[in-house]
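Dear colleague,

Please find below the structure for your review. A summary of the findings follows it.

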Amino acid sequence: MLDNIKVQILRKIATEGYTTVADVVKDLGVTWGAAQWHLFWLENNGYIKSVKIHTTTIYVLNCANVLRKLENFENNRRKEAQKTTDRE
């Protein structure tokens, strides 16, 4: 399931075109292990793919459908937040 860190990683890749483990650690403030785990999960679930260039692994979006999935996820999250505020 997508969580906040995974969504931030997908946004980062969508904006910048790619990311690395080191970029995720630096920009999102997570540990190296956490960054690797989230990238591994996103790749295994078809959101991103990895490409090895010399000694560096970069991560890119797997397909355009990922952007639609990300938009749907964020829209659903907004709707849930709105329902919560409507109930108050």
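**Overall architecture**

The secondary structure of the chain consists of four helices and two strands. Please note that the model is predicted. Along the sequence, these elements follow the pattern α-α-α-β-β-α. The C-alpha trace spans about 55 × 25 × 20 Å along its principal axes. The chain has 88 residues, of which 30% count as buried, and it exposes about 5800 Å², with carbon and sulfur atoms supplying 52% of that area. Among contacts between residues at least 6 apart in sequence, 48% join residues at least 24 apart.

**Packing of helix 1 and helix 3**

Helix 1 covers residues 4-16 and helix 3 covers residues 32-44; they pack at an angle of about 75°, and their axes lie 10 Å apart. An angle of 65 to 115 degrees counts as roughly perpendicular, and helix 1 and helix 3 are therefore roughly perpendicular to each other. On the side of helix 1, the residues involved are Ile-5, Lys-6, Ile-9 and Leu-10, which meet Trp-37, His-38, Leu-39, Trp-41 and Leu-42 of helix 3. By class, this contact comprises seven nonpolar residues, one polar residue and one charged residue.

**The nonpolar core**

In soluble globular proteins, nonpolar side chains tend to be buried together. In this model, the largest nonpolar core has 18 residues. Those with the most contacts inside this core are Leu-2, Leu-10, Leu-39, Leu-42, Tyr-47 and Ile-48. The elements that contribute two or more residues to the core are helix 1, helix 2 (21-28), helix 3 and helix 4 (65-87).

Apart from its neighbours within four places in sequence, Leu-2 contacts Val-7, Leu-10, Trp-41, Leu-42, Tyr-47 and Phe-73.

Ile-48 belongs to strand 1, which covers residues 48-53. The relative accessible area of Ile-48 is 2%; as the cut-off for a buried residue is under 20%, Ile-48 is therefore buried. When residues up to four places away in sequence are not counted, Ile-48 touches Leu-10, Ile-13, Leu-39, Leu-42, Glu-43, Tyr-59, Val-60, Leu-61 and Asn-62. Ile-48 and Tyr-18 are 30 residues apart in sequence, and their C-alpha atoms are 9.5 Å apart in space.

With kind regards

Methods:
Residues are numbered from 1 along each chain as its sequence is written. This is a predicted model: local features need pLDDT of at least 70, side-chain atom pairs count only at pLDDT 80 or more; totals for chains, interfaces and linings use all residues. Side-chain values use heavy atoms; hydrogens and water are left out. Axes are lines fitted to C-alpha atoms, for helices over the stretch in contact, and angles run from 0 to 180 degrees between N-to-C directions. Angles under 35 degrees count as roughly parallel, over 145 as roughly antiparallel, 65 to 115 as roughly perpendicular and the rest as oblique. Contact means heavy atoms within 4.5 Å. Ala, Val, Leu, Ile, Met, Phe, Trp, Tyr, Cys and Pro count as nonpolar, Asp, Glu, Lys and Arg as charged, and the others, Gly among them, as polar. A nonpolar core is a set of buried Ala, Val, Leu, Ile, Met, Phe, Trp, Tyr and Cys residues joined through side-chain atoms within 4.5 Å. Buried means under 20% relative accessible area, exposed over 50%, partly exposed in between (1.4 Å probe, protein chains only). Accessible areas come from the Shrake-Rupley method with a 1.4 Å probe; for residues, only the protein chains shown count as cover.
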